[in-house]
Amino acid sequence: MKKITPRSEDFAAWYQDVVLQGDMAEPAEVVKGCMVIKPNGYAIWELLQRELDDRFKATGHENAYFPLLIPQSFLKKEAEHVEGFSPELAVVTIAGGKQLEEPYVIRPTSETIIGHFFARWIHSYRDLPLLINQWANVLRWELRTRMFLRTTEFLWQEGHTAHATHEDALEETLRMLDVYAEVAENVMAMPVVKGMKTLAEKFAGAVRSYSIEAMMQNGLALQAGTSHDLGQNFGKAFDVQFQTKEGKLDFVWQTSWGVSTRLIGGLVMTHSDDKGLVLPPKLAPKKVVLVPIFRKEEERALVLEAAAKIAKEVGAHVDVRESETPGSKFFHWEQRGVPVVLELGPRDVASGNIVIKRRDTGTKDIVPQSEVAAKVKATLEIMQKDLYAKARQRLKDNTVLANSIEEVESILSDEVTAEKGGGKFVMAHLKDDPKNDARIKEFKASVRNIPAVDEFDGPGKCILTGEQVDRRVCIAKAY
RNA sequence: CGGGGCGUAGCGCAGCCUGGUAGCGCACCUGCCUUGGGCGCAGGGGGUCGUAGGUUCAAAUCCUAUCGCCCCGACCA
(Lines give C-alpha, C1' and ligand atoms only; values in the text may rest on other atoms or scores of the structure.)
Protein backbone atom coordinates (compact mmCIF):
# COMPACT_ATOMS: atom_id res chain seq x y z
CA MET A 1 0.00 0.00 0.00
CA LYS A 2 1.30 3.41 -0.87
CA LYS A 3 2.47 5.58 1.99
CA ILE A 4 1.68 9.23 2.48
CA THR A 5 4.75 11.47 2.46
CA PRO A 6 5.05 13.14 5.89
CA ARG A 7 4.38 16.89 5.96
CA SER A 8 7.78 17.51 7.50
CA GLU A 9 9.51 15.84 4.58
CA ASP A 10 7.75 17.48 1.63
CA PHE A 11 4.56 19.45 2.13
CA ALA A 12 3.63 19.57 -1.57
CA ALA A 13 4.08 15.81 -1.94
CA TRP A 14 2.07 15.26 1.25
CA TYR A 15 -0.78 17.32 -0.17
CA GLN A 16 -0.81 15.33 -3.42
CA ASP A 17 -0.70 12.06 -1.51
CA VAL A 18 -3.60 13.02 0.74
CA VAL A 19 -5.74 13.99 -2.24
CA LEU A 20 -4.89 10.82 -4.14
CA GLN A 21 -5.07 8.39 -1.21
CA GLY A 22 -8.25 10.05 -0.02
CA ASP A 23 -9.60 9.17 -3.44
CA MET A 24 -10.81 12.74 -3.94
CA ALA A 25 -9.31 13.52 -7.32
CA GLU A 26 -6.66 12.62 -9.82
CA PRO A 27 -4.90 14.50 -12.60
CA ALA A 28 -6.87 14.29 -15.84
CA GLU A 29 -3.62 13.26 -17.52
CA VAL A 30 -4.95 13.54 -21.06
CA VAL A 31 -6.07 17.14 -20.54
CA LYS A 32 -3.33 19.49 -19.48
CA GLY A 33 -3.77 21.07 -16.09
CA CYS A 34 -7.17 19.55 -15.45
CA MET A 35 -8.33 17.03 -12.88
CA VAL A 36 -11.04 14.48 -12.40
CA ILE A 37 -12.94 15.09 -9.19
CA LYS A 38 -13.84 11.63 -7.98
CA PRO A 39 -16.99 10.78 -6.00
CA ASN A 40 -15.24 11.21 -2.64
CA GLY A 41 -14.11 14.68 -3.55
CA TYR A 42 -17.26 15.71 -5.35
CA ALA A 43 -19.41 14.73 -2.36
CA ILE A 44 -17.48 17.26 -0.28
CA TRP A 45 -18.08 19.91 -2.93
CA GLU A 46 -21.78 19.11 -2.92
CA LEU A 47 -21.99 19.60 0.84
CA LEU A 48 -20.09 22.87 0.55
CA GLN A 49 -22.33 23.98 -2.30
CA ARG A 50 -25.40 23.32 -0.21
CA GLU A 51 -24.07 25.35 2.71
CA LEU A 52 -23.18 28.26 0.45
CA ASP A 53 -26.27 28.13 -1.72
CA ASP A 54 -28.60 28.14 1.30
CA ARG A 55 -26.91 31.31 2.49
CA PHE A 56 -27.07 32.94 -0.95
CA LYS A 57 -30.80 32.26 -1.09
CA ALA A 58 -31.24 33.52 2.45
CA THR A 59 -29.65 36.82 1.41
CA GLY A 60 -32.01 37.20 -1.53
CA HIS A 61 -30.04 35.81 -4.44
CA GLU A 62 -31.35 33.63 -7.25
CA ASN A 63 -29.44 31.16 -9.37
CA ALA A 64 -29.17 31.51 -13.14
CA TYR A 65 -26.90 30.22 -15.86
CA PHE A 66 -25.02 32.04 -18.62
CA PRO A 67 -23.12 30.67 -21.64
CA LEU A 68 -19.72 29.06 -21.38
CA LEU A 69 -18.59 30.92 -24.50
CA ILE A 70 -18.17 34.67 -24.55
CA PRO A 71 -17.65 36.79 -27.68
CA GLN A 72 -14.03 37.85 -27.63
CA SER A 73 -14.96 41.49 -28.07
CA PHE A 74 -16.80 41.46 -24.72
CA LEU A 75 -13.58 40.97 -22.81
CA LYS A 76 -12.12 44.03 -24.45
CA LYS A 77 -14.85 46.38 -23.34
CA GLU A 78 -13.33 46.87 -19.91
CA ALA A 79 -9.70 47.89 -20.28
CA GLU A 80 -8.28 46.51 -17.03
CA HIS A 81 -10.33 43.35 -17.33
CA VAL A 82 -8.95 42.38 -20.73
CA GLU A 83 -5.43 43.19 -19.65
CA GLY A 84 -5.80 41.05 -16.56
CA PHE A 85 -7.27 38.01 -18.25
CA SER A 86 -5.88 37.97 -21.79
CA PRO A 87 -2.81 35.88 -21.00
CA GLU A 88 -4.84 33.02 -19.63
CA LEU A 89 -7.67 32.74 -22.13
CA ALA A 90 -8.53 29.74 -24.26
CA VAL A 91 -10.17 30.82 -27.49
CA VAL A 92 -12.52 28.96 -29.83
CA THR A 93 -11.74 29.97 -33.40
CA ILE A 94 -13.23 27.10 -35.38
CA ALA A 95 -16.69 25.65 -34.99
CA GLY A 96 -18.75 23.46 -37.28
CA GLY A 97 -15.70 23.09 -39.45
CA LYS A 98 -15.55 26.80 -40.19
CA GLN A 99 -13.39 29.64 -39.03
CA LEU A 100 -15.56 31.86 -36.82
CA GLU A 101 -15.94 35.49 -37.81
CA GLU A 102 -15.49 36.46 -34.21
CA PRO A 103 -13.79 33.97 -31.90
CA TYR A 104 -15.33 32.99 -28.58
CA VAL A 105 -13.34 32.83 -25.42
CA ILE A 106 -14.11 30.17 -22.87
CA ARG A 107 -15.18 32.14 -19.81
CA PRO A 108 -12.46 32.82 -17.27
CA THR A 109 -15.21 34.61 -15.30
CA SER A 110 -18.54 35.98 -16.43
CA GLU A 111 -18.70 39.70 -15.61
CA THR A 112 -18.77 40.64 -19.28
CA ILE A 113 -21.49 38.38 -20.60
CA ILE A 114 -23.60 38.94 -17.51
CA GLY A 115 -23.07 42.68 -17.91
CA HIS A 116 -24.42 42.38 -21.44
CA PHE A 117 -27.62 40.73 -20.24
CA PHE A 118 -27.99 43.03 -17.26
CA ALA A 119 -28.17 45.87 -19.77
CA ARG A 120 -31.19 44.20 -21.35
CA TRP A 121 -32.92 43.44 -18.07
CA ILE A 122 -32.41 46.65 -16.16
CA HIS A 123 -34.24 49.84 -17.10
CA SER A 124 -35.51 51.30 -13.87
CA TYR A 125 -34.43 51.72 -10.28
CA ARG A 126 -37.39 49.37 -9.67
CA ASP A 127 -35.39 46.57 -11.32
CA LEU A 128 -32.72 46.98 -8.67
CA PRO A 129 -31.11 45.44 -6.85
CA LEU A 130 -30.65 42.49 -9.20
CA LEU A 131 -29.12 39.65 -7.26
CA ILE A 132 -27.88 36.73 -9.37
CA ASN A 133 -25.62 33.78 -8.66
CA GLN A 134 -24.25 31.24 -11.10
CA TRP A 135 -22.75 27.82 -10.36
CA ALA A 136 -20.39 27.10 -13.20
CA ASN A 137 -17.08 25.90 -14.50
CA VAL A 138 -14.52 28.40 -15.73
CA LEU A 139 -11.24 28.03 -17.51
CA ARG A 140 -7.97 29.85 -17.05
CA TRP A 141 -4.83 28.73 -18.82
CA GLU A 142 -2.57 28.72 -15.80
CA LEU A 143 1.09 27.92 -16.29
CA ARG A 144 1.37 25.78 -13.22
CA THR A 145 -1.42 23.73 -11.71
CA ARG A 146 -2.05 21.76 -8.53
CA MET A 147 -5.13 19.70 -7.82
CA PHE A 148 -7.96 21.80 -6.35
CA LEU A 149 -5.64 24.74 -5.59
CA ARG A 150 -5.16 25.77 -9.17
CA THR A 151 -6.42 23.81 -12.15
CA THR A 152 -6.99 24.95 -15.70
CA GLU A 153 -10.70 24.29 -15.40
CA PHE A 154 -12.36 24.69 -12.04
CA LEU A 155 -15.81 24.76 -10.51
CA TRP A 156 -17.07 27.76 -8.64
CA GLN A 157 -19.95 30.06 -8.01
CA GLU A 158 -19.92 33.64 -9.13
CA GLY A 159 -22.37 36.12 -7.70
CA HIS A 160 -23.22 39.12 -9.86
CA THR A 161 -25.36 41.91 -8.56
CA ALA A 162 -26.44 45.35 -9.72
CA HIS A 163 -27.47 48.20 -7.43
CA ALA A 164 -28.79 51.74 -7.65
CA THR A 165 -26.13 53.28 -5.43
CA HIS A 166 -22.52 52.71 -4.56
CA GLU A 167 -23.49 52.39 -0.90
CA ASP A 168 -25.80 49.49 -1.71
CA ALA A 169 -23.17 47.80 -3.84
CA LEU A 170 -20.49 48.15 -1.19
CA GLU A 171 -22.86 46.82 1.44
CA GLU A 172 -23.51 43.78 -0.78
CA THR A 173 -19.79 43.26 -1.38
CA LEU A 174 -19.10 43.17 2.34
CA ARG A 175 -22.19 41.12 3.13
CA MET A 176 -21.04 38.32 0.83
CA LEU A 177 -17.51 38.52 2.19
CA ASP A 178 -19.07 37.93 5.60
CA VAL A 179 -21.01 34.96 4.25
CA TYR A 180 -17.76 33.46 2.94
CA ALA A 181 -15.98 34.04 6.23
CA GLU A 182 -18.86 32.49 8.14
CA VAL A 183 -18.88 29.36 5.96
CA ALA A 184 -15.09 29.07 6.12
CA GLU A 185 -15.06 29.27 9.89
CA ASN A 186 -18.26 27.54 10.94
CA VAL A 187 -18.57 24.91 8.22
CA MET A 188 -15.00 24.30 7.09
CA ALA A 189 -13.53 25.03 10.54
CA MET A 190 -10.98 27.14 8.71
CA PRO A 191 -10.25 30.52 10.31
CA VAL A 192 -9.73 33.40 7.90
CA VAL A 193 -8.44 36.94 7.84
CA LYS A 194 -11.08 39.13 6.29
CA GLY A 195 -9.97 42.29 4.60
CA MET A 196 -9.48 44.57 1.63
CA LYS A 197 -7.06 43.81 -1.18
CA THR A 198 -4.48 46.42 -2.07
CA LEU A 199 -4.97 48.31 -5.32
CA ALA A 200 -2.17 46.26 -6.87
CA GLU A 201 -3.86 42.99 -5.97
CA LYS A 202 -7.47 43.83 -6.82
CA PHE A 203 -9.52 42.03 -9.45
CA ALA A 204 -9.00 43.23 -12.99
CA GLY A 205 -11.82 45.71 -13.53
CA ALA A 206 -12.85 46.22 -9.90
CA VAL A 207 -12.76 49.43 -7.92
CA ARG A 208 -11.92 47.45 -4.82
CA SER A 209 -11.56 43.77 -3.98
CA TYR A 210 -11.98 42.08 -0.65
CA SER A 211 -10.80 38.64 0.36
CA ILE A 212 -10.70 36.05 3.04
CA GLU A 213 -7.24 34.60 3.56
CA ALA A 214 -6.61 31.31 5.32
CA MET A 215 -3.35 29.96 6.68
CA MET A 216 -2.30 26.51 5.59
CA GLN A 217 -0.34 24.16 7.88
CA ASN A 218 2.94 25.25 6.30
CA GLY A 219 2.14 28.86 7.01
CA LEU A 220 1.38 29.82 3.42
CA ALA A 221 -1.66 31.94 2.72
CA LEU A 222 -4.54 30.73 0.60
CA GLN A 223 -6.97 33.23 -0.84
CA ALA A 224 -10.17 31.40 -0.04
CA GLY A 225 -12.78 33.78 -1.38
CA THR A 226 -13.09 37.17 -3.01
CA SER A 227 -15.78 39.81 -3.23
CA HIS A 228 -15.49 42.77 -5.57
CA ASP A 229 -16.88 46.25 -5.60
CA LEU A 230 -17.01 46.82 -9.35
CA GLY A 231 -18.20 50.40 -9.10
CA GLN A 232 -19.71 51.50 -12.40
CA ASN A 233 -16.87 50.07 -14.49
CA PHE A 234 -18.80 47.22 -16.05
CA GLY A 235 -22.02 49.23 -15.99
CA LYS A 236 -20.37 51.77 -18.25
CA ALA A 237 -18.59 49.17 -20.39
CA PHE A 238 -21.86 47.34 -21.08
CA ASP A 239 -24.13 50.33 -20.94
CA VAL A 240 -26.19 49.09 -18.04
CA GLN A 241 -28.31 52.20 -17.43
CA PHE A 242 -31.41 52.73 -15.37
CA GLN A 243 -33.75 55.56 -14.73
CA THR A 244 -33.68 56.88 -11.19
CA LYS A 245 -36.64 57.91 -9.08
CA GLU A 246 -35.87 61.47 -10.12
CA GLY A 247 -36.08 60.50 -13.77
CA LYS A 248 -32.38 60.78 -14.50
CA LEU A 249 -30.22 58.13 -16.20
CA ASP A 250 -27.44 56.50 -14.25
CA PHE A 251 -25.18 53.49 -14.61
CA VAL A 252 -25.65 50.61 -12.20
CA TRP A 253 -23.20 49.83 -9.44
CA GLN A 254 -22.16 46.22 -9.58
CA THR A 255 -20.54 43.57 -7.43
CA SER A 256 -19.18 40.12 -8.08
CA TRP A 257 -17.99 37.48 -5.65
CA GLY A 258 -16.81 33.91 -5.86
CA VAL A 259 -15.45 30.85 -4.18
CA SER A 260 -14.23 27.76 -5.95
CA THR A 261 -13.26 24.12 -5.57
CA ARG A 262 -10.00 25.60 -4.31
CA LEU A 263 -11.73 25.61 -0.93
CA ILE A 264 -11.37 21.84 -0.91
CA GLY A 265 -7.62 22.25 -1.24
CA GLY A 266 -7.74 24.66 1.68
CA LEU A 267 -9.76 22.19 3.68
CA VAL A 268 -7.13 19.51 3.09
CA MET A 269 -4.21 21.74 3.99
CA THR A 270 -5.94 23.04 7.12
CA HIS A 271 -6.89 19.81 8.89
CA SER A 272 -5.32 16.73 7.35
CA ASP A 273 -2.41 14.86 8.86
CA ASP A 274 0.28 12.36 7.92
CA LYS A 275 -2.27 9.54 7.97
CA GLY A 276 -4.41 11.22 5.35
CA LEU A 277 -7.52 13.31 5.03
CA VAL A 278 -9.22 14.80 8.08
CA LEU A 279 -12.66 16.23 7.44
CA PRO A 280 -14.68 18.49 9.71
CA PRO A 281 -17.95 16.61 10.43
CA LYS A 282 -20.08 19.20 8.65
CA LEU A 283 -18.31 18.46 5.36
CA ALA A 284 -17.87 14.71 5.75
CA PRO A 285 -19.93 12.79 3.18
CA LYS A 286 -19.75 9.83 5.56
CA LYS A 287 -19.69 11.04 9.14
CA VAL A 288 -19.69 7.64 10.82
CA VAL A 289 -18.54 4.26 9.57
CA LEU A 290 -18.99 1.02 11.49
CA VAL A 291 -16.44 -1.74 11.00
CA PRO A 292 -17.80 -5.14 12.08
CA ILE A 293 -15.32 -7.69 13.37
CA PHE A 294 -15.83 -11.44 13.67
CA ARG A 295 -13.97 -14.73 13.48
CA LYS A 296 -16.42 -17.55 13.29
CA GLU A 297 -19.53 -17.96 11.26
CA GLU A 298 -21.80 -17.85 14.31
CA GLU A 299 -20.18 -14.61 15.44
CA ARG A 300 -20.70 -13.10 12.07
CA ALA A 301 -24.49 -13.20 12.27
CA LEU A 302 -24.56 -11.79 15.79
CA VAL A 303 -22.15 -8.98 15.00
CA LEU A 304 -23.82 -7.97 11.76
CA GLU A 305 -27.22 -7.96 13.38
CA ALA A 306 -26.04 -5.69 16.18
CA ALA A 307 -24.13 -3.56 13.68
CA ALA A 308 -27.19 -2.99 11.53
CA LYS A 309 -29.21 -1.92 14.53
CA ILE A 310 -26.59 0.50 15.80
CA ALA A 311 -25.87 1.87 12.34
CA LYS A 312 -29.50 2.70 11.85
CA GLU A 313 -29.60 4.46 15.18
CA VAL A 314 -26.54 6.65 14.57
CA GLY A 315 -26.75 6.98 10.78
CA ALA A 316 -23.54 5.05 10.18
CA HIS A 317 -22.33 3.31 7.07
CA VAL A 318 -21.55 -0.35 7.80
CA ASP A 319 -18.48 -1.61 5.99
CA VAL A 320 -19.62 -5.13 5.20
CA ARG A 321 -17.01 -5.87 2.55
CA GLU A 322 -15.99 -9.52 2.83
CA SER A 323 -12.78 -9.11 0.91
CA GLU A 324 -11.12 -6.78 3.40
CA THR A 325 -9.92 -7.41 6.91
CA PRO A 326 -10.90 -5.01 9.72
CA GLY A 327 -7.38 -3.65 9.78
CA SER A 328 -7.41 -2.64 6.16
CA LYS A 329 -10.85 -1.11 6.64
CA PHE A 330 -9.56 1.09 9.45
CA PHE A 331 -6.83 2.43 7.17
CA HIS A 332 -9.25 2.84 4.32
CA TRP A 333 -11.62 5.12 6.24
CA GLU A 334 -8.82 6.90 8.02
CA GLN A 335 -7.32 7.97 4.71
CA ARG A 336 -10.71 9.19 3.59
CA GLY A 337 -11.14 11.40 6.61
CA VAL A 338 -14.25 9.81 8.14
CA PRO A 339 -14.66 11.67 11.45
CA VAL A 340 -15.87 8.77 13.57
CA VAL A 341 -15.25 5.05 13.13
CA LEU A 342 -17.09 2.52 15.26
CA GLU A 343 -15.62 -0.91 15.93
CA LEU A 344 -17.98 -3.71 16.85
CA GLY A 345 -16.77 -7.26 17.50
CA PRO A 346 -17.80 -10.35 19.47
CA ARG A 347 -16.33 -8.87 22.65
CA ASP A 348 -18.55 -5.83 22.31
CA VAL A 349 -21.64 -7.79 21.44
CA ALA A 350 -21.09 -9.82 24.61
CA SER A 351 -20.44 -6.81 26.83
CA GLY A 352 -23.02 -4.49 25.27
CA ASN A 353 -20.31 -1.95 24.51
CA ILE A 354 -18.88 -0.47 21.33
CA VAL A 355 -15.57 1.16 20.45
CA ILE A 356 -15.76 4.71 19.12
CA LYS A 357 -12.76 6.31 17.47
CA ARG A 358 -12.14 9.95 16.56
CA ARG A 359 -10.25 10.68 13.36
CA ASP A 360 -8.56 13.91 14.42
CA THR A 361 -7.16 12.86 17.79
CA GLY A 362 -7.01 9.12 17.18
CA THR A 363 -8.51 8.48 20.59
CA LYS A 364 -10.63 5.38 21.24
CA ASP A 365 -13.47 5.22 23.75
CA ILE A 366 -15.50 2.25 24.83
CA VAL A 367 -19.12 3.20 25.48
CA PRO A 368 -22.31 1.26 26.19
CA GLN A 369 -24.26 0.61 23.01
CA SER A 370 -27.27 2.31 24.60
CA GLU A 371 -25.35 5.58 24.66
CA VAL A 372 -23.64 5.39 21.30
CA ALA A 373 -26.04 7.65 19.40
CA ALA A 374 -25.67 10.47 21.91
CA LYS A 375 -21.94 9.90 22.15
CA VAL A 376 -21.45 10.02 18.39
CA LYS A 377 -23.47 13.19 18.10
CA ALA A 378 -21.47 14.84 20.87
CA THR A 379 -18.18 13.67 19.41
CA LEU A 380 -18.99 15.12 16.00
CA GLU A 381 -19.88 18.45 17.56
CA ILE A 382 -16.74 18.54 19.68
CA MET A 383 -14.59 17.54 16.73
CA GLN A 384 -15.98 20.35 14.60
CA LYS A 385 -15.15 22.84 17.36
CA ASP A 386 -11.74 21.35 18.13
CA LEU A 387 -10.64 21.43 14.51
CA TYR A 388 -11.53 25.09 14.33
CA ALA A 389 -9.82 25.87 17.61
CA LYS A 390 -6.66 24.09 16.54
CA ALA A 391 -6.53 25.93 13.22
CA ARG A 392 -7.30 29.22 14.95
CA GLN A 393 -4.43 28.65 17.36
CA ARG A 394 -2.07 27.88 14.49
CA LEU A 395 -3.05 31.12 12.77
CA LYS A 396 -2.46 33.03 15.99
CA ASP A 397 0.88 31.36 16.70
CA ASN A 398 2.16 32.10 13.22
CA THR A 399 1.06 35.69 12.94
CA VAL A 400 3.84 38.08 13.86
CA LEU A 401 4.44 41.82 13.88
CA ALA A 402 7.22 43.51 11.96
CA ASN A 403 8.26 47.14 12.00
CA SER A 404 10.72 47.39 9.13
CA ILE A 405 11.00 46.03 5.63
CA GLU A 406 14.16 44.16 6.62
CA GLU A 407 12.28 42.48 9.42
CA VAL A 408 9.45 41.46 7.09
CA GLU A 409 11.91 40.09 4.60
CA SER A 410 13.92 38.11 7.12
CA ILE A 411 10.79 36.54 8.61
CA LEU A 412 9.65 35.48 5.17
CA SER A 413 13.05 34.50 3.83
CA ASP A 414 13.42 31.25 1.92
CA GLU A 415 15.39 29.57 4.69
CA VAL A 416 12.42 29.40 7.00
CA THR A 417 9.32 29.43 4.87
CA ALA A 418 7.53 27.71 2.06
CA GLU A 419 8.39 24.03 1.85
CA LYS A 420 10.14 24.24 5.19
CA GLY A 421 6.79 24.79 6.85
CA GLY A 422 7.73 27.96 8.66
CA GLY A 423 5.47 30.39 6.83
CA LYS A 424 4.07 33.34 8.71
CA PHE A 425 1.51 36.07 8.37
CA VAL A 426 3.54 39.19 8.94
CA MET A 427 1.64 42.25 10.10
CA ALA A 428 3.25 45.52 9.17
CA HIS A 429 2.29 49.11 8.49
CA LEU A 430 2.36 49.63 4.74
CA LYS A 431 0.81 52.25 2.51
CA ASP A 432 -1.57 50.89 -0.12
CA ASP A 433 0.46 51.78 -3.18
CA PRO A 434 1.42 49.45 -6.06
CA LYS A 435 5.04 50.53 -5.67
CA ASN A 436 5.05 49.13 -2.17
CA ASP A 437 3.42 45.89 -3.29
CA ALA A 438 6.18 45.58 -5.87
CA ARG A 439 8.82 45.86 -3.17
CA ILE A 440 7.16 43.03 -1.19
CA LYS A 441 7.03 40.90 -4.33
CA GLU A 442 10.80 41.08 -4.57
CA PHE A 443 11.00 38.38 -1.95
CA LYS A 444 8.13 36.34 -3.35
CA ALA A 445 5.60 37.43 -0.77
CA SER A 446 2.57 39.64 -1.23
CA VAL A 447 0.19 41.80 0.70
CA ARG A 448 -2.68 39.37 1.34
CA ASN A 449 -5.09 42.00 2.52
CA ILE A 450 -5.70 44.95 4.79
CA PRO A 451 -7.69 43.36 7.62
CA ALA A 452 -11.19 44.67 8.19
CA VAL A 453 -10.74 44.31 11.92
CA ASP A 454 -7.54 45.66 13.41
CA GLU A 455 -6.48 43.15 16.05
CA PHE A 456 -3.19 44.89 16.66
CA ASP A 457 -1.92 48.34 17.54
CA GLY A 458 -3.75 50.72 15.24
CA PRO A 459 -2.07 53.46 13.19
CA GLY A 460 1.63 53.64 12.45
CA LYS A 461 4.21 54.75 9.92
CA CYS A 462 4.59 52.90 6.62
CA ILE A 463 7.75 50.78 6.72
CA LEU A 464 8.65 51.90 3.20
CA THR A 465 7.51 55.49 2.87
CA GLY A 466 7.11 56.66 6.45
CA GLU A 467 3.58 57.86 5.72
CA GLN A 468 0.94 57.46 8.39
CA VAL A 469 -1.41 54.48 7.79
CA ASP A 470 -4.31 53.48 9.98
CA ARG A 471 -3.49 49.80 10.56
CA ARG A 472 -1.14 46.94 9.77
CA VAL A 473 -1.55 44.90 6.58
CA CYS A 474 -1.09 41.16 6.27
CA ILE A 475 1.98 40.08 4.30
CA ALA A 476 2.67 36.43 3.47
CA LYS A 477 3.75 33.97 0.88
CA ALA A 478 0.74 32.50 -0.84
CA TYR A 479 -0.49 29.71 -3.06
C1' C B 1 9.31 30.21 -21.83
C1' G B 2 14.20 29.14 -18.54
C1' G B 3 16.30 24.98 -15.21
C1' G B 4 15.87 19.68 -13.74
C1' G B 5 13.71 14.74 -14.13
C1' C B 6 10.88 10.77 -16.38
C1' G B 7 8.28 7.62 -20.35
C1' U B 8 8.84 -0.72 -19.62
C1' A B 9 1.68 -4.71 -17.04
C1' G B 10 -3.79 -0.87 -13.95
C1' C B 11 -0.08 1.72 -10.27
C1' G B 12 5.12 2.08 -8.50
C1' C B 13 9.68 0.53 -10.41
C1' A B 14 14.24 -2.74 -12.00
C1' G B 15 16.57 -4.22 -16.52
C1' C B 16 19.80 -0.22 -20.59
C1' C B 17 26.33 1.19 -19.13
C1' U B 18 28.43 -4.26 -21.46
C1' G B 19 22.47 -5.84 -27.54
C1' G B 20 20.72 -12.43 -27.17
C1' U B 21 13.68 -16.08 -23.71
C1' A B 22 10.02 -9.36 -20.62
C1' G B 23 11.18 -9.07 -14.77
C1' C B 24 9.86 -7.39 -9.39
C1' G B 25 6.35 -5.23 -5.67
C1' C B 26 1.32 -3.73 -5.20
C1' A B 27 -3.42 -4.27 -7.46
C1' C B 28 -6.54 -8.05 -10.16
C1' C B 29 -8.69 -13.52 -10.82
C1' U B 30 -9.36 -18.86 -8.50
C1' G B 31 -9.07 -21.98 -4.17
C1' C B 32 -8.01 -22.79 0.89
C1' C B 33 -7.20 -20.19 5.36
C1' U B 34 -7.88 -15.81 8.20
C1' U B 35 -10.48 -11.29 10.50
C1' G B 36 -9.73 -6.22 17.47
C1' G B 37 -4.79 -1.56 12.74
C1' G B 38 -2.75 -2.61 5.76
C1' C B 39 -3.65 -11.61 7.02
C1' G B 40 -1.19 -15.92 4.99
C1' C B 41 -0.33 -19.95 1.44
C1' A B 42 -0.84 -22.07 -3.47
C1' G B 43 -2.09 -21.35 -8.43
C1' G B 44 -3.29 -17.79 -12.46
C1' G B 45 -4.32 -13.67 -16.17
C1' G B 46 -2.23 -9.27 -18.05
C1' G B 47 3.06 -5.62 -21.51
C1' U B 48 3.47 -3.91 -30.11
C1' C B 49 9.16 -1.48 -23.55
C1' G B 50 5.91 6.73 -25.61
C1' U B 51 6.28 7.20 -31.21
C1' A B 52 9.01 7.13 -35.93
C1' G B 53 13.36 6.08 -38.44
C1' G B 54 18.45 4.02 -38.41
C1' U B 55 22.70 0.46 -37.03
C1' U B 56 22.78 -5.05 -36.38
C1' C B 57 22.03 -11.95 -37.71
C1' A B 58 19.50 -9.89 -33.38
C1' A B 59 17.29 -3.56 -30.15
C1' A B 60 13.66 -2.17 -23.97
C1' U B 61 19.13 -1.84 -24.40
C1' C B 62 23.22 1.67 -29.27
C1' C B 63 22.28 6.25 -32.75
C1' U B 64 18.90 10.19 -34.72
C1' A B 65 14.44 12.65 -34.63
C1' U B 66 9.85 13.47 -32.42
C1' C B 67 5.73 13.50 -28.88
C1' G B 68 4.08 13.59 -23.97
C1' C B 69 4.18 13.99 -18.63
C1' C B 70 6.08 15.59 -13.77
C1' C B 71 8.96 18.93 -10.52
C1' C B 72 11.34 24.00 -9.64
C1' G B 73 10.85 29.39 -11.41
C1' A B 74 8.18 33.56 -13.79
C1' C B 75 1.95 34.23 -14.13
C1' C B 76 -2.41 33.34 -11.21
C1' A B 77 -8.54 31.88 -7.72
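Colleague: Which base atom of RNA strand B does the backbone of arginine 347 reach?

Modeller: First the general idea: a polar contact is a pair of N or O atoms within 3.5 Å; within protein, one must be able to donate a hydrogen and the other to accept it, and residues adjacent in sequence count only if both atoms are side-chain atoms. Here a base oxygen of RNA strand B lies 2.7 Å from a backbone N or O atom of arginine 347.

Colleague: What should I keep in mind about the model and its numbering?

Modeller: This is a predicted model: local features need pLDDT of at least 70, side-chain atom pairs count only at pLDDT 80 or more, and totals for chains, interfaces and linings use all residues. Residues are numbered from 1 along each chain as its sequence is written, chains are lettered from A and ligands numbered from 1 in the order in which they are written, and side-chain values use heavy atoms, with hydrogens and water left out.

Colleague: Which residues come nearest to RNA strand B?

Modeller: A residue is near a strand if one of its heavy atoms lies within 4 Å of it. There are 33 residues around RNA strand B, and Arg144, Arg150, Arg262, Thr325 and Lys357 come nearest.

Colleague: Is threonine 151 buried or exposed?

Modeller: Buried means under 20% relative accessible area, exposed over 50%, partly exposed in between (1.4 Å probe, protein chains only). Threonine 151 has 4% relative accessibility, so it counts as buried. It sits in the loop between β7 and β8 (153-163). Serine 124 is buried too, at 16%, in the loop between α5 (111-121) and β7 (130-139). Its side chain reaches the backbone nitrogen of arginine 126 at 2.7 Å. Tyrosine 65 is exposed, at 52%. Its loop runs between β3 (62-63) and β4 (69-71).

Colleague: How many salt bridges are there?

Modeller: A salt bridge is a side-chain nitrogen of Lys or Arg within 4 Å of a carboxyl oxygen of Asp or Glu. That rule gives 33. In one of them, glutamate 182 meets arginine 55 at 2.5 Å, N to O. Glutamate 182 lies in helix α6 (residues 166-186) and arginine 55 in helix α2 (residues 39-58), so the pair ties together parts 127 residues apart in sequence. Glutamate 182 is partly exposed, at 29%.

Colleague: Where do the partners arginine 208 and aspartate 432 lie?

Modeller: Their closest N and O atoms are 2.9 Å apart in a salt bridge. Arginine 208 lies in strand β10 (residues 208-215) and aspartate 432 in the loop between β21 (425-429) and α14 (434-441), so this bridge ties together parts 224 residues apart in sequence. Arginine 208 and aspartate 432 are both buried.

Definitions and conventions. Helix = DSSP H or I, 4+ residues; strand = E, 2+ residues; numbered from the N terminus.
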